[in-house]
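Let's take a walk through the aromatic rings of this protein. Have the model open and follow along.

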Amino acid sequence: MIKILEIGMTDNLGGIETCLINMYRKIDKEVYQLDFIKMGTNDICFQKELEENGSLVIEMPDYLKHPIQYSKRLKDIVKRNQYDIIHINKNSLAIPTQLIAAHSSGRKVILHSHSTCSNQGKIGSILHKINQKLFLKYADYYFSCSESASKWMFNESIINSNKHFYINNSIDVEKFKYNETVRNNMREELNISSDAIVIGHVGRFIPVKNHRFIVDIFNEIHKMYQNAMLMLIGIGPLEEQIQQKVKELKLDRNVLFLGKRNDVYKLYQAMDTFLMPSIHEGFPMVAVEAQAAGLPCYFSTNVNEKVQIIDTTYLISLQEDAKYWAKNICENQVTDRNKLYPKIVDSNYNSSKEVKKLENIFRNIKDTGENK
């Protein structure tokens, strides 16, 4: 049994949480034991599922408020449970306490980059530069979801080393395959007419997701198609601001704020187009999900270009205005949503394939010899 302690799963469903659960559901649990750290008393995402499958979810003190207690408890946990690997999934601003504590436990440490930018402005950029200097000293292996995520987090010596690996954000593609029955049921449940054009977005209400521009684009689409609907899935600090903007544009009846959902895979079926004009992204999981559902997708050119898996995915510059985006979306609707599905199945974003690569890496790390 190879025992791995996962750090980075939170109570807020985002890209890291989705990435970890997709890996977890496919990994061979007869060989790999994955346990998870949580901060505080709130359940992390999927905690019930994790515990029902035999994983431990271990409560820890806040590493920012109580770094000494965190470090001591982490070392005690690692020693008691005899973990072989500690896998840290964070952006660099949150890393130092966890990384140093993991290193001091004497186990192999993996640092996994899931982002391409900090959301903390100039202070964040300064901290990021400082933290980068710690990586060579305190981590043993380095994962990233994309080339741009690697370049942001790591230096060239790390990227060019044999300790660096690309782990594609992958999904259970069969779960997202287009289903006409599910589409009709979801539209009926949400009171959406069968002939409405539905634009969808999945993401937290934070600046980087660019919700204000999403609403501007939809406003232009609505001028052309009065029955068009916008479906916004997610929660976040900017949600009220976006709701206010929708009211000001008199789009209340055409915009659905669906909050935090556990049936997003069904909601994709009710959509006609997926829209994500992000200011920056690493490699968003939702991009793969939407394409697996057969949706034409529109991303900003600030999203990694490798996000284009099927031919109905387009990248548009944020320099273009909302009318330009709207025109492209309306001109490129898809009728046969399962036509390009085999390409998703054969891609490296199919979790059934990608987890095999990850298992081999975990095994090789374990087999490289004694821990430090």
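Tyr32, Phe143, Phe165 and Phe362 come together as one aromatic cluster. This is a predicted model, where local features need pLDDT of at least 70, side-chain atom pairs count only at pLDDT 80 or more, and totals for chains, interfaces and linings use all residues. Residues are numbered from 1 along each chain as its sequence is written, and side-chain values use heavy atoms, with hydrogens and water left out.

In total, you'll find 13 aromatic pairs here. Rings of Phe, Tyr and Trp (its six-membered ring) count as a pair if their centres lie within 6.5 Å; planes under 30 degrees apart are stacked, over 60 edge-to-face, and the rest tilted. Tyr32 and Phe362 make a tilted pair, at 6.4 Å centre to centre with 45° between the planes. That pair links distant parts of the chain, 330 residues apart: Tyr32 sits in strand β2 (residues 32-39) and Phe362 in helix α16 (residues 351-367). Helices (H or I, at least four residues) and strands (E, at least two) are DSSP runs, numbered from the N terminus. Both Tyr32 and Phe362 are buried, meaning under 20% relative accessible area with a 1.4 Å probe, protein chains only (exposed is over 50%, partly exposed in between).

Now hop over to Phe213 and Trp325. Their ring centres are 5.7 Å apart and their planes stand at 85°, so this pair is edge-to-face. Phe213 belongs to helix α10 (residues 211-224) and Trp325 to helix α14 (residues 322-331), so the pair ties together parts 112 residues apart in sequence. Phe213 is buried, and Trp325 is too.
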